[in-house]
Amino acid sequence: SLYVLLGAWFLIKVLVAMVEKYLGKISKENEDIKRYDYLVPLIKTLIKVFIFAIAALLIVSNLGYNVNGLIAGLGLGGIALAFASKELLENFFSGLIIYIERPIKVGDLVKTNDNLIYGEIKEIGIRTTKIESFDGTIYTVPNTFLSGKPVENISVMPGRRVVATLSLSPKCTAEQIGKAEKFILDALNAKKKKRELLEESHVYFDKYSTFSIDIIYIYWLNKNIDYWEQMDIKDSINKDIKKELDKAKIELASPAFAV
């Protein structure tokens with residue numbers, strides 16, 4: 001029994017050292033391995049539990065007890081435990097998937113497709129993930145929610161896309177529409193010179209009706225700028241456009257009829 005314990009202790013030391021070497025030191029120089037840093041504590045714990053479990057069975061067997069019945073009992077108990085803790089295990093394995101594939105990481109700005117959660121990831125655990133919204137609310141989300149539903153990772157996008165619509169009065173002429181489009185482009189280009197926007201942007205006369213003439217404009221905010229600065233930039237762009245529209249006496253669609 002003493003030899004078994006010493007052998008288990010030695011094997012654990014060797015395996016843990018290998019894990020720390022290959023998933024620790026080398027990961028500092030290799031981005032492909034670096035993503036496994038989060039798994040090092042978990043792998044070390046699993047190694048210890050697995051080897052000590054085998055050592056315990058060997059010791060019981062050497063003492064003259066029949067371990068076959070014990071193993072069978074543990075197997076049935078494990079199945080029963082798995083059914084009883086189905087949700088816990090689902091979250092656990094979802095956490096492993098997030099750790100290994102790393103579709104998201106701490107510090108990323110994420111948004112669910114239903115817009116229920118929109119904020120920055122503060123902590124990724126084995127069972128749950130904590131996300132802080134812009135109003136300071138901390139959401140503790142089960143990992144199955146993040147791995148089983150579409151999640152938009154805004155931080156990995158080249159920039160944050162903004163789609164806006166300018167609704168003009170249906171009385172506006174084609175010349176006034178052209179001027180409005182120029183005002184939008186001028187406002188966007190002014191921000192591009194400050195590197196607050198990416199180079200790509202689009203302005204289109206989208207549609208018109210008896211209620212409004214709609215000009216859609218699309219641009220990308222620099223992702224290196226934080227959320228509140230991005231909101232300030234949007235505010236500035238909208239004010240610049242409105243100022244030029246007022247100077248040119250181009251009317252906006254009535255709020256009662258704007259689409």
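**Note on strand pairing, a surface patch and salt bridges**

1. Strand E1 (residues 109-112) and strand E2 (residues 118-124) run antiparallel and are joined by 3 bridges. Two strands are said to pair if DSSP finds at least two bridges between them. Helices (H or I, at least four residues) and strands (E, at least two) are DSSP runs, numbered from the N terminus. Within this pair, Val110 has Gly119 of E2 as its bridge partner.

2. The structure is a predicted model, in which local features need pLDDT of at least 70 and side-chain atom pairs count only at pLDDT 80 or more, while totals for chains, interfaces and linings use all residues. Residues are numbered from 1 along each chain as its sequence is written, and side-chain values use heavy atoms, with hydrogens and water left out.

3. Strand E1 also pairs with strand E5 (residues 151-153), in the antiparallel sense and over 3 bridges. Here Thr112 stands opposite Val151 of E5.

4. A nonpolar surface patch consists of Trp9, Phe10, Val14 and Met18, which together have about 430 Å² of accessible area. Patches are made of residues with over 30% relative accessible area and no salt bridge; like charges are joined within 9 Å, and nonpolar side chains (Val, Leu, Ile, Met, Phe, Trp, Tyr) within 5 Å. Accessible areas come from the Shrake-Rupley method with a 1.4 Å probe, and for residues only the protein chains shown count as cover. Phe10 lies in helix H1 (residues 2-25). Phe10 counts as exposed because its relative accessibility is 55% (buried means under 20% relative accessible area, exposed over 50%, and partly exposed in between, with a 1.4 Å probe and protein chains only).

5. There are 7 salt bridges, a salt bridge being a side-chain nitrogen of Lys or Arg within 4 Å of a carboxyl oxygen of Asp or Glu. One of them joins the side chains of Lys191 and Glu196 (3.9 Å, N to O). Lys191 is buried, at 8% relative accessible area.

6. Lys242 is partly exposed, at 35% relative accessible area, and Asp246 is partly exposed at 45%.

7. Lys247 and Glu244 form a salt bridge, with the closest N and O atoms 3.8 Å apart. Because they are 3 residues apart in helix H8, about one helical turn separates Lys247 and Glu244. Lys247 counts as exposed at 60% relative accessibility, whereas Glu244 is partly exposed at 29%.
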